[in-house]
Amino acid sequence: MKIDRKPVYEALRGRNSKDYEIYLNCEKLLACQKDFDELCNEDELQFQIVHQVEELWMKLLNYTLLNVHDYMIAGNAHRTTTLLGRCNQLVRLMIQQLDLLETMSPREYQQIRLQLGNGSGQESPGFKTLVSLGPRLWPAFEDAFLKPEKRTVRSVYDTDYAHDDAYVVAEAMIEFDEQMQLFRWHHIFLIHRSIGMGSASLKGRSVDLLQKGAKQRFYPALWDVRVEMTNEWGGEYGKVRPSIGGEGEAG
Ligand code: HEM
């Protein structure tokens, strides 16, 4: 016998009658999705919830970045790295959660797409704030961890490398930058799986344009210093060295 859905749906509406529900504002929270009877198919609830949860993580992420900025300006490396660690966990969660949508069939997504009007992820308040706030950590890092001791990124990583506060903060920043790029690439693969790259977005633009955004780096100096060091090392030791397997071995 089939389970009667009515009481289950009713229980999932939330009433704000118990302290738990009141604190979490369950009544409002569980009313943020389309009602069960209005969903266009069985995948739509997942589609809406994944997007909503991602917006919530981005809200927390942006709030945390503001705190990171404050602690950076104060030169507090410990708090900065702990909070950047939280940001990095958050972006990892965001990436993992995209995978849920790969359980949706491309055909059913076409029905959901009809519900979205001209909506575009580029209008996401959380994401727009992230791409604006993320790069603003850089001047704070320079002011707090480089300029006071007349240091450069190169000195932190190479010429007077000491695995110190500046280095640890810089590594947490590059990890954040990396996770953000990974989020964008992972999202591109989700598009490959659902509507296919080369198709047009709901705004009529080619989705290939997303590849340009995925290459955006928040802190280019932290990526470039690696190239500089490796190329100089190559200059010193030779770009192509003899094989470690002895002369004549393939390199
Ligand atoms: C099947 C699921 C999805 C599809 C087919 C899809 C498709 C797209 C497309 C076509 C664009 C380009 C829009 C334009 O040019 O106006 C876009 C952008 C975007 N989408 Fe999605 N998306 C999906 C899921 C998600 C989810 C779950 C998120 C969660 C945050 C998300 C966030 C974004 C963001 C932030 C952008 C702008 C990215 C950038 O500028 O680099 N998308 N999406």
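T64 counts as buried because its relative accessibility is 2%, where buried means under 20% relative accessible area, exposed over 50%, and partly exposed in between, with a 1.4 Å probe and protein chains only. The model is predicted, so local features need pLDDT of at least 70 and side-chain atom pairs count only at pLDDT 80 or more, whereas totals for chains, interfaces and linings use all residues. Residues are numbered from 1 along each chain as its sequence is written, and side-chain values use heavy atoms, with hydrogens and water left out.

T64 lies in helix α4, residues 44-73; helices are DSSP runs (H or I, at least four residues) numbered from the N terminus. When neighbours within four places in sequence are set aside, T64 is in contact (heavy atoms within 4.5 Å) with L83, R86 and C87.

The largest nonpolar core comprises 47 residues. Such a core is a set of buried Ala, Val, Leu, Ile, Met, Phe, Trp, Tyr and Cys residues joined through side-chain atoms within 4.5 Å. Those with the most contacts inside the largest core are M72, F141, M173, F176 and L222. At least two residues of this core come from each of α4, α5 (77-98), α6 (106-113), α7 (125-133), α8 (137-146), α9 (153-159), α10 and α12 (220-237). Helix α10 gives the most, with 11 residues. F141 touches M72, L146, A166, V169, A170 and M173, not counting residues up to four places away in sequence. A second, separate core has five residues, including I188, M197, V207 and A214. In soluble globular proteins, nonpolar side chains tend to be buried together.

Helix α10, residues 165-194, also holds H187. The NE2 atom of H187, at 2.1 Å, is the only protein donor of the iron atom of the ligand. Donors are N, O and S atoms within 2.8 Å of the metal (3.2 Å for Na, K and Ca), and water is not among the atoms, so sites may look incomplete.

Pockets and cavities were then examined on a 1 Å grid over the protein atoms alone. A pocket is an open set of points with protein on both sides within 12 Å along at least five of seven lines, a cavity is a set where a 1.4 Å probe fits but cannot get out, and lining residues have an atom within 4 Å of a point. Points are joined across faces, edges and corners, and a volume is the space filled by probe spheres set on them.

The largest pocket has a volume of about 1,300 Å³. Its lining has 44 residues, of which H51, S120, G121, Q122 and H187 lie nearest its centre. Helices α4, α6, α7, α10 and α11 (210-214) each give two or more residues to this lining, and α4 gives the most, with eight. By class, the lining of the largest pocket has 22 nonpolar, 12 polar and 10 charged residues; Ala, Val, Leu, Ile, Met, Phe, Trp, Tyr, Cys and Pro count as nonpolar, Asp, Glu, Lys and Arg as charged, and the others, Gly among them, as polar.

The second largest pocket has a volume of about 530 Å³. Of its 19 lining residues, L29, L30, C32, Q33 and Q52 lie nearest the centre. Helix α4 gives the most to this lining, with six residues.

One cavity of 30 Å³ or more was counted. The largest cavity is lined by D177, M180, Q181, R184, Q216 and F218.
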